[in-house]
Amino acid sequence: MLSRLGAPQLLWSTTVLMGIGIVMVYSSSAARSEFIFGTAWVYWLRQSMALAVGGAALYALIRVPTRRISGLAYAIWAISVLGLLTTLSPLGVSANGASRWVQIGPIVFQPLEPAKIGVILALARWLSSHQDRLADFRVTVLVPALLAGVPCALLLMQPDFGGVLLIGLFTAVMVFAGGARLDHLLATALISLPPLFTLAVLREYRLDRLRTFMDPWADPLGNGYQLVQSQIAFGAGGITGVGLGAGQQKLFFLPEAHTDFILSVIGEEVGLVGVLCVLICFALLALASLGIAATAKSTFGTLLAVGVSCLLWLQAMVNAAVAMGALPTTGTTLPFLSYGRTSLVVSLVAIGALLNIARPTSGRSGWR
């Protein structure tokens with residue numbers, strides 16, 4: 001079944017998600033933009049420019065030979081690590097107690113997003129070039145742990161615990177897909193769980209998030225405010241929503257309505273129908289990506305497709321679960337939909353990598 005899915009389905013699902021995203025970014029940010037800038041179009045225009053840049057990068061990446069991408073994998077990883085280091089320099093920009101952005105002149109970007117792609121590329125390159133040594137613990141666990149661990153250590157210094165968990169999850173999937181022994185993976189998981197639990201409860205704000213997750217209505221005007229407002233938005237939307245643009249929660253009730261909680265705005269304005277449409281598109285995107293992985297012409301291509309698929313799908317599901325109150329707040333954006341220029345560009349670059357892997361061989365027309 002997976003082999004029947006590929007580039008056409010990937011393109012359709014991505015296009016629909018981008019269309020929904022560009023509409024909902026305006027709907028969710030117009031009031032905020034009007035209040036801050038005096039015009040309702042600032043966030044929409046910024047997102048549209050990012051969409052154009054990301055689209056150009058996608059098109060360019062399709063035409064780059066896959067072997068060249070593989071050859072640049074470690075260099076891209078190193079550059080992405082340097083970007084994370086820059087958040088700790090004077091160029092780093094802090095907001096809400098975390099330094100997760102870098103500003104160079106008029107350009108502001110979040111190094112976490114390219115770092116995800118850097119880790120995926122490096123893992124795909126390493127695992128694909130050591131297929132003859134998969135029984136070696138150092139090859140399948142220690143080196144991948146280093147490739148993922150260095151960026152994760154820098155993320156913890158920002159701090160960004162949600163980013164660490166996301167990188168850890170897709171790293172585990174890629175290592176498993178790369179052929180690592182199951183007992184090695186289980187042993188690593190058992191060793192990793194205590195430190196992760198300690199990190200989760202080490203900071204008071206993380207404990208507050210866990211308490212809020214358990215019962216947001218215990219403090220509806222304090223720590224539970226964001227989640228309560230999100231649940232109100234979903235409840236108000238019902239099956240078909242209150243109407244596009246007619247939502248009330250985005251009018252300074254729901255914090256981060258245009259970024260982390262844009263799905264709540266969709267739920268209020270387009271209802272369960274709109275939310276299901278988004279989730280179905282992400283499911284189709286994931287299946288199409290796995291179809292591309294199954295028919296890739298190289299081990300590197302297979303692992304890269306698995307990593308990108310896992311990244312986009314996991315990030316989408318975590319964001320949806322947070323918005324609906326099924327997971328504690330992590331600060332994870334919804335790919336293609338949330339306002340965020342770095343996230344949108346990198347997501348389109350990821351799609352470009354998938355289309356590159358699915359590129360037809362010489363003499364064949366159309367994508368397979």
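This is a predicted model: local features need pLDDT of at least 70, side-chain atom pairs count only at pLDDT 80 or more; totals for chains, interfaces and linings use all residues.
Is Cys-281 buried or exposed? I began my notebook with this residue, and I noted that Cys-281 is buried, since its relative accessible area is 10%.

**Entry on the cysteines**

I then looked for disulfides, and a search of the whole structure gave zero. I reminded myself that a disulfide is a covalent bond between the sulfur atoms of two cysteines. For Cys-281, the closest cysteine sulfur belongs to Cys-277 and lies 4.5 Å away, which is too far for a bond, because a pair of sulfur atoms has to be within 2.5 Å to count. I also looked up Cys-152, whose sulfur is 14 Å from the closest cysteine sulfur, that of Cys-310, and so is too far away for a bond. Cys-152 is buried, with a relative accessible area of 10%.

**Entry on helices H11 and H12**

Next I turned to packed helices, which are described by the angle between their axes and the distance between the axes. At what angle do H11 and H12 pack? I wrote down about 165° for helix H11 (residues 262-294) against helix H12 (residues 299-324), with the two axes 9 Å apart. H11 is therefore roughly antiparallel to H12, because an angle over 145 degrees is counted that way. The crossing of this pair, H11 and H12, is left-handed. On the H11 side, the residues in contact include Leu-263, Val-275, Leu-279 and Phe-282, while those on the H12 side include Thr-302, Ala-305, Leu-312 and Trp-313. When I sorted the residues of this contact between H11 and H12 by class, I had 18 nonpolar, five polar and no charged residues.

**Entry on helices H5 and H7**

The crossing of H5 and H7 is right-handed. Among the residues that make the contact are Leu-112, Lys-116, Val-119 and Ile-120 of H5, together with Gly-163, Leu-166, Ile-167 and Phe-170 of H7. The contact of H5 with H7 divides into eleven nonpolar residues, two polar and one charged.

Thr-86 is found in helix H4 (residues 73-86), and I counted Thr-86 as buried because its relative accessibility is 19%, where the limit for buried is under 20%. Leaving aside residues up to four places away in sequence, Thr-86 touches Leu-91, Gly-92 and Val-102.

Where is Leu-88 found? I located Leu-88 in the loop between H4 and strand S1 (92-95), and at 39% relative accessibility Leu-88 counts as partly exposed. With residues up to four places away in sequence not counted, Leu-88 touches Leu-154 and Met-157. I also noted that the C-alpha atoms of Leu-88 and Leu-263 are separated by 31 Å, and that these residues are 175 residues apart along the chain.

Leu-327 has its place in the loop between H12 and helix H13 (341-357), and at 35% relative accessibility Leu-327 counts as partly exposed. Not counting residues up to four places away in sequence, Leu-327 touches Phe-213, Val-318, Ala-321 and Val-322.

Technical notes:
Residues are numbered from 1 along each chain as its sequence is written. Side-chain values use heavy atoms; hydrogens and water are left out. Buried means under 20% relative accessible area, exposed over 50%, partly exposed in between (1.4 Å probe, protein chains only). Axes are lines fitted to C-alpha atoms, for helices over the stretch in contact, and angles run from 0 to 180 degrees between N-to-C directions. Helices (H or I, at least four residues) and strands (E, at least two) are DSSP runs, numbered from the N terminus. Angles under 35 degrees count as roughly parallel, over 145 as roughly antiparallel, 65 to 115 as roughly perpendicular and the rest as oblique. A crossing is left-handed if the near helix is turned anticlockwise from the far one by less than a right angle, and right-handed if clockwise. Contact means heavy atoms within 4.5 Å. Ala, Val, Leu, Ile, Met, Phe, Trp, Tyr, Cys and Pro count as nonpolar, Asp, Glu, Lys and Arg as charged, and the others, Gly among them, as polar.
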